[in-house]
Amino acid sequence: RNPPVGVRPKAYWWCLNGNIDTVRAKQEFRAMKDAGISGFDMFEIGVPASDTMIPAGPAFLSDESLRIIKTVVTEAGRLGLSVGLNVASSWNAGGSWIRPEHAGKSLYFSKVSLKGVQGKIETRLPFPEVKFPRSAIVGGTGKEMIPFRNDGRPAYYEEIAILAVPAGAPVKSLDSSSVKDLTKYFDFSSDILNWEVPAGDWDIYRYICSNSGQQLVLPSPNSAGLTIDHFDSVAVETHFKYVIDRLLPVLGDFRYTALKSLYLASYEARGLVWTSSLRDEFRRLNGYDITTFIPAIQDADLFTENITEKVRSDFRKTLSELMINNLYRKAKEVSNSYGLLLNCEAGGPGFPLYNGPAEPLKALGSL
């Protein structure tokens, strides 16, 4: 008849367009209290542009936003309700403060075909076009937000590998010995490859890692921004500490407030994902180097079926471990160090809908 607070249900409290009427909020909190709800997770989210009923509120974590959050937390505490706060305006995790090196990443390549060429050559390998497929951009402004330098190259990128793949081979016939790693023969300052070309036709791939351009999915109108690299512990820690550093001066020691937890919504990014530590983690987990198998990640028809299936399975396993350790465990570590719990939609929705295949039970177990 009267269960203790710790076992009563919580609710989402959706803050549409980041526009919060604090007078109305107090009425809603009283209604929650009267209904036996123990607390709520404050979740800011945008509404479709065609919906003009709700004007845009302040940017998430701006000074005005923080003033409202303080009012919300204070009033909830007065009523004995617990508060959780989503760490972004909508999802995935991220915001306008995310720098390119901490934003979501993908893999890009350029391709040069050598036909009937044999012997020592010097050939220029073009810089890959960094343009995430528009069909893979979810929500946000509907366009890429990849920052570029004045020279036309992205603000952030890493050279990954230069690979030579036999051209014209039968479908699903190659093995790893057929692919040659030419990275040591490439001058990255001049974009020139110096290579003693063996007999045969070759496709030369230049792989780089750069930003995906993936944005927050449905942010309030003033809160658009890039999502973080969910597989990089530095990016995750930087994001969480930004959120916490904005809240602390306003709320004070969280242990003495109604704010009890931070919230991580689901991971929903499409397209091929990559991160700086992926190759090392792949080798540690699977016992072999992914470099010469990278083409199998993007083209299922190059290698034998058994090789392609194994590499892709090991790739997903590696992403899962990176997400569990560098997102969920790191976010929990940072949150706990400030006296906050962490709530997550851990592991979901995941593969194959989105290329973030964290093993759900293991992800939840890490919390």
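Does Tyr 288 count as buried or exposed? Tyr 288 counts as buried because its relative accessibility is 17%, where buried means under 20% relative accessible area, exposed over 50%, and partly exposed in between (1.4 Å probe, protein chains only).

This is a predicted model, in which local features need pLDDT of at least 70 and side-chain atom pairs count only at pLDDT 80 or more, while totals for chains, interfaces and linings use all residues. Residues are numbered from 1 along each chain as its sequence is written, and side-chain values use heavy atoms, with hydrogens and water left out.

The protein chain has 367 residues, of which 51% are buried. Its secondary structure comes to seven helices and 14 strands, which are DSSP runs numbered from the N terminus (helices H or I, at least four residues; strands E, at least two). Along the principal axes, the C-alpha atoms fill a box of roughly 80 × 45 × 35 Å. Of the contacts (heavy atoms within 4.5 Å) with a separation of 6 or more, 79% join residues 24 or more positions apart.

Helix H1 (residues 22–35) packs with helix H2 (residues 63–78) at an angle of about 25 degrees, the axes being 10 Å apart. Axes here are lines fitted to C-alpha atoms, for helices over the stretch in contact, and angles run from 0 to 180 degrees between N-to-C directions. H1 and H2 are therefore roughly parallel to each other; that term covers angles under 35 degrees, with over 145 roughly antiparallel, 65 to 115 roughly perpendicular and the rest oblique. On the H1 side, Thr 22, Lys 26 and Phe 29 meet Ile 68, Thr 71, Val 72, Glu 75 and Ala 76 of H2.

Phe 29 also takes part in an aromatic pair. Rings of Phe, Tyr and Trp (its six-membered ring) pair if their centres lie within 6.5 Å; planes under 30 degrees apart count as stacked, over 60 as edge-to-face and the rest as tilted. By this rule the count comes to 20 aromatic pairs. The ring centres of Phe 29 and Phe 40 are 4.6 Å apart and the planes lie at 15 degrees, so this pair is stacked. Because Phe 29 lies in helix H1 and Phe 40 in strand S2 (residues 39–45), the pair ties together parts that are eleven residues apart in sequence. Both Phe 29 and Phe 40 are buried.

Tyr 288 pairs with Phe 293 in an edge-to-face arrangement, 5.5 Å centre to centre with 80 degrees between the planes. Phe 293, at 11% relative accessibility, counts as buried. Elsewhere, Tyr 12, Trp 14, Phe 43 and Tyr 263 form one aromatic cluster.
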